[in-house]
Amino acid sequence: MATKAPVEKKCKEKKKILIVDDYLPTRKLILDALNQFSQYEINEAENGEEALQLFHKNNYDLVISDIMMPGMSGMDLLNRIRETNPFTAVIMITGNPTTDLTVNAIKKGAVDFLTKPFDIDDLLYKVDIHLREKAMLVGDSAEKIIQQGMLKDKTTELSKQGYIFDSIEDSPLNNEIIFEQIAELALKLVDGEVCSILLFDEQDNEFHPKVIKGGKEEANRNYAHSPTLRKVFNEVIERKEAIVINSNKHPEIAPSLICAPLMIRNTILGILSIRKKKNREIFSKNDLHHILSLTKRASLNLENKILYESIYSNIMDILKSLISSVQARDDYTEEHSQRVTDMSVKVALSMNCSAKDVESLRIAGILHDVGKIAVPDSILLKPDKLTLEEFLVIKNHPTIGENILKPVILLEKERKIIQHHHERWDGKGYPLGIAGNDIPFLARILAVADSFDAMTNNRPYRSAMPVKEAIEELIKNKNTQFDAEIVESFIKIL
Ligand SMILES: [Fe+2]
């Protein structure tokens, strides 16, 4: 595998790194990757306790630790490391980056994250960059440390939020969930008590609560309708700027409040308002900075989603009408597409595919035979076995399907699945004859479901095969026609 070498250091002293993971293959993977470079001195530990013992004996520059471990968890280890040496950079490895986990780890001082399965280049880049940051911090005077620490806080904050947002962006296309996640994130970032997102209706000049998180329900209802707040909201709308209000000026909004606009292009979509009550602290400038970067990113995120959804639903309508026109000639195609989609989605879920991948498979499954629109009735509906020439016409359908989707940039991934759904593991499929892992994973899933469904249903030229026989057929063709791992998962879900 090609890897980026970390930039040569002037200092010849080796950097000490500790790898902590209870899972040997992950430890070995990281160890092998880092061992390519002579400037690292690496130790490994299989649990938090062992790591801590090593940590007390050695002065590590960087620790890479799994979060989920039996005994002492990665989070506990992070705490203990921070207590002992606040300058050691700690990168956390997570299998499933939830917002809670990420915010927690950031608050406890983790500098970065690796999400399993991770890319070696990404790992090397992160190790290099954090070791250099650490060298900058520790190698200078105390004054500089503070200045650079503050600078580092600001520059890394955005990337941390970016990371949190990645977990939001991974969620399915559902704006309700996004609003909830934004409110939760806002509460966590600035230790707020209540966060509300209100959508602004320009026509009736009203604010409609979309999400209220935290606080007591009754108080929340009144809160959203308070005349004082209404005045503040109007000011935010008018100025299109965030406002911080502390209780010394406005005792009725006790004790501290931030209101920030959510904008799409130059139009106000709504307001995010967050209130603090806990210990009667007030919001700092830094809190405002956090909320502003959050609302900016949230606005962009919502804008993209809304734009995406409207284009996407138009395109899907057009493509569905194409599928219906195939179905008008051949009942089999639509029912077949639906069954193949259902089975493929189940397999993808059982193989831990991401929500985005499952969504892609759902679209590609429905559309996979859209290219059959170009196959004449005489061939598509032929009750006898096809001639070689006729079969060549049928074999064009993945390419035609791919071409139909070509102008739709949004469906790039789905297009590839459609193009390759008749490829074979051994490379003897069509249209390109690519093999093994070169075939997109989701296309390999679709291929298994597609073949199984074709075998177990009546076709114009032959009658359905019993399920048991079809399963035997799949097993027989593992590693020749099909990806063996997918066949196994498929049989399990059957
Ligand atoms: Fe097909």
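P431 sits in the loop between α16 (412–419) and α17 (441–455). Helices here are DSSP runs of H or I with at least four residues, strands are runs of E with at least two, and both are numbered from the N terminus. The peptide bond that joins Y430 and P431 is cis. Its omega is about 10°.

This is a predicted model, in which local features need pLDDT of at least 70, side-chain atom pairs count only at pLDDT 80 or more, and totals for chains, interfaces and linings use all residues. Residue numbers run from 1 along each chain as its sequence is written.

Now look at phi. N205 has a positive value, near 55°, and is not a glycine. The loop between β6 (194–201) and β7 (206–213) holds N205. N205 counts as exposed because it has 9 C-beta neighbours inside 10 Å. The cut-offs are these: a residue is buried with 20 or more other C-beta atoms within 10 Å of its own, exposed with 12 or fewer, and partly exposed in between, with C-beta atoms placed from the backbone.

N479 is another non-glycine residue with positive phi, near 70°. Find N479 in the loop between α18 (467–476) and α19 (484–493). With 12 other C-beta atoms within 10 Å, N479 is exposed.

Step back to the whole chain. It has 19 helices and 10 strands. Of its 494 residues, 31% are buried. Contacts are pairs whose C-beta atoms, placed from the backbone, lie within 7 Å. Among contacts between residues at least 6 apart in sequence, 63% join residues at least 24 apart.

Key. Contact = placed C-beta atoms within 7 Å.
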